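Please walk me through this structure in the viewer. Tell me what to select at each stop and what is there.

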Amino acid sequence: MKPKYDNESISSLKGEDRVRKRPAVIFGSDGIDGCIHCVFEILSNAIDEAREGYGNKIIVTKFCDNSIEIEDFGRGIPLDFNKNEQKYNWELLFLELYAGGKYNNHQDANYEYSLGMNGLGLCATQYASEYMNATVKRDGFLYNLKFEKGKNIGNLTKEIYNKTETGTKIKWKPDNEVFTEINIPNECLILMLKRQAVINSSVVFCLRFETEKNSYNEQKFYYKNGIVDYVDEIGGKDLICSSKFFKHEAMVQDHEEKPEYKLKIDAAMAFTTKNQIIEYYHNSSFLEHGGVPEKAVKNAFVFQFDFFLKKLGKYNKNESKINFMDIEENLILVVSSFSNVTSYENQTKKSISNKGILDEMIKFFKHNLEVFFLENPVDAEKIAMRILINKRSREDADRMKQNIKKKLSTNLDLSTRVAKFVDCRTKDLDIRELFIVEGDSALGACKQARDPNFQAIIPIRGKILNCLKADYAKILKNEIIIDLIKVLGCGAVIGKNDKKISNFNIKSLKWNKIILCTDADVDGFQIRTLLLTMIYKLAPDLMNLGKVFIAESPLYEINTKNQTYFAYNEAEKDEFLKKIKNEKFTIQRSKGLGENEPDMMSLTTMNPKTRRLIKILSQDIKQTAQIFDVLLGENLDGRKKYITKYGKFFLNELDVS
């Protein structure tokens, strides 16, 4: 019987439960993205201090137990009694949501341009942590605070500190009871600090990874000339002309009845034959979803280049005008703006919506592009003609895609039976899993080991086509790829981000998880890479939405009289061997999937309670595109350089016998 729904059914979350029970509301996710955002929140406070001129170095450390420490050398957080609020500041900052020192930045000078502006980040991170320790040096005192699972342990301790340095050090460990995953990938921290070094040219960012107890690998990030150095680094030798830097400051307002506020814009621009990239930042936050800066850039660049091409008389009669896709193909642009009043879409700060900033940015880019055309007429014409070539190539490709779309609608009948595909029973899309396995022998083993209620299997025969090198016409002649598209159910994107003519529809996806299951050898790794390339080119949203996984296969099977151990790497093998050193045992390299017994397959690969899955994350789609291009595309020179630099790390994985 359902419980009664009455007046007493309504309740409110209090204290740490406001975050611990609903972390995604604050951090955007209860998974690894939420943990990453916690780091960004604490880092933001350190950056705000450094940008105001208090300290020029920030140290971020990731420990072996997945805890994080951030140390700055700013003024130190004020923690003593606050007469206005009649509470200690440490209680306000660590235990109260919406408490902070950055609400009146347009009125006072504590923080002219602040990233941590909502009074949520520090407290929310503390609430979501297994523990948090804070050490503050300021006003001749050393302060210490300790928290566990959102609650203070032992109040505030304070002792005299005779040294002159000031600053804040915060160490915390994301709580597994709050987040589904807490091991932040090193690459995410590297990317985060590199981006902040680009935008904050006066600050040195040190990133340390603990390798063993009190032993660390350290990287430093510092760009003396900020975004200009970054643009030159990306462009390298492929620049069509030298990079340009524009800057501007103004007072703006979002509405005539609202007060004016300060806006500062820096932009670095270059045009290149390859490695195009566009990045937007506001108050140091990377605007993944763009918002106002993206709208302003598209408006101004299309307007000015279209006007310039008309002025030169380069359009054919009745020819349609260029669009931003034609420009961005050769554009490197980094825009870093700051304002002391900002409308972010939410706490994750991935987009801004200020109308005043939009209007001012459009004027800013139009003016500077006009000046660029006047001062650099030869380079400007060279770039404009390349943009026109991009446009005409796109239109030719569009016509080809239309023809392919007709072929898709004729030949890609999703109801057609796929040979050897083994479906599952349930129609519940929240639990259905598709295993893409290597060969018929693996099909047999996985078929016996699976749970037929929610696990389906499709085998593939050998290595599929390299979709990154092949054109769409060739891809759609490949039977294996056509079968995979049919089974996925969501269709395929024909042309990058071309929504108008694509038959891709994520709502038609038939699976909650798509799991790639290949042998743990060189051939298996190559097949896995080719499958990932196919998904990346034909259905990239499957990666963006976290639908793609790799079934991690054990490398070794270690048998004792009473137990079997599966080691997934050399370190685990050594650990098990130490554990059973007084027992008799046998050890063998794990067999291919098709040779495994069903019980073993269930235990290591199929059973959700015991298997290991690697989730494919597409944190930075542009970086992903560059890596795919180097490894599998036409960038032969880049591939040679990559192999020369990194090949030695993979020699042990190759079977050279």
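A residue counts as buried when its relative accessible area is under 20%. Select C206 to see the rule at work: its relative accessibility is 2%, so C206 is buried. Now select C188. At 13%, C188 counts as buried too. Keep in mind that this is a predicted model.

**Stop 1: the cores**

Select I58 and show what surrounds it. Beyond its neighbours within four places in sequence, I58 touches L43, A46, I47, A50, I70, E71, D72, V203, V204, F205 and C206. C206, from the opening, is one of these contacts.

Now widen the view. The largest nonpolar core has 66 residues. L43, I58, I70, F94, W172 and F205 have the most contacts inside it. Which helix gives the most to this core? Select residues 32–51: this is helix α3, and it supplies 11 residues.

Next, select L287, L333, I362 and L388. These belong to a second, separate core, which has 46 residues.

**Stop 2: a five-stranded sheet**

Show the cartoon and find the open sheet of five strands. Read across it in the order β12-β13-β16-β14-β15; the pairing is mixed. Which strands stand at the edges? Select 244–252 for β12 and 285–286 for β15. Each has a single partner strand, so one side of each is left without a neighbour in the sheet.

Select residues 277–282 for β14 and residues 331–339 for β16. These two strands run parallel and pair over six bridges. Pick out Y281, and look across to S336 in β16, which stands opposite.

**Stop 3: salt bridges**

The count of salt bridges comes to 30.

Select K149 and E177. Their closest N and O atoms are 3.3 Å apart. K149 sits in the loop between β6 (141–148) and β7 (151–152), while E177 sits in the loop between β9 (167–174) and α6 (186–199). The two are 28 residues apart. K149 is partly exposed, at 31% relative accessible area. E177 is exposed, at 59%.

Go next to K350 and E288. Their side chains meet in a salt bridge of 3.4 Å, N to O. K350 lies in the loop between β16 and α10 (355–375), and E288 in the loop between β15 and α8, so the pair ties together parts that are 62 residues apart in sequence. Both are partly exposed: K350 has a relative accessible area of 27%, and E288 has 44%.

Last, select R611 and E433. Here the N-to-O distance is 2.7 Å. R611 is in the loop between α18 (598–606) and β24 (613–615), and E433 is in strand β17 (residues 433–438). They are 178 residues apart.

**Stop 4**

Notes:
Residues are numbered from 1 along each chain as its sequence is written. This is a predicted model: local features need pLDDT of at least 70, side-chain atom pairs count only at pLDDT 80 or more; totals for chains, interfaces and linings use all residues. Side-chain values use heavy atoms; hydrogens and water are left out. A nonpolar core is a set of buried Ala, Val, Leu, Ile, Met, Phe, Trp, Tyr and Cys residues joined through side-chain atoms within 4.5 Å. Buried means under 20% relative accessible area, exposed over 50%, partly exposed in between (1.4 Å probe, protein chains only). Helices (H or I, at least four residues) and strands (E, at least two) are DSSP runs, numbered from the N terminus. Contact means heavy atoms within 4.5 Å. Two strands pair if DSSP finds at least two bridges between them. A salt bridge is a side-chain nitrogen of Lys or Arg within 4 Å of a carboxyl oxygen of Asp or Glu.
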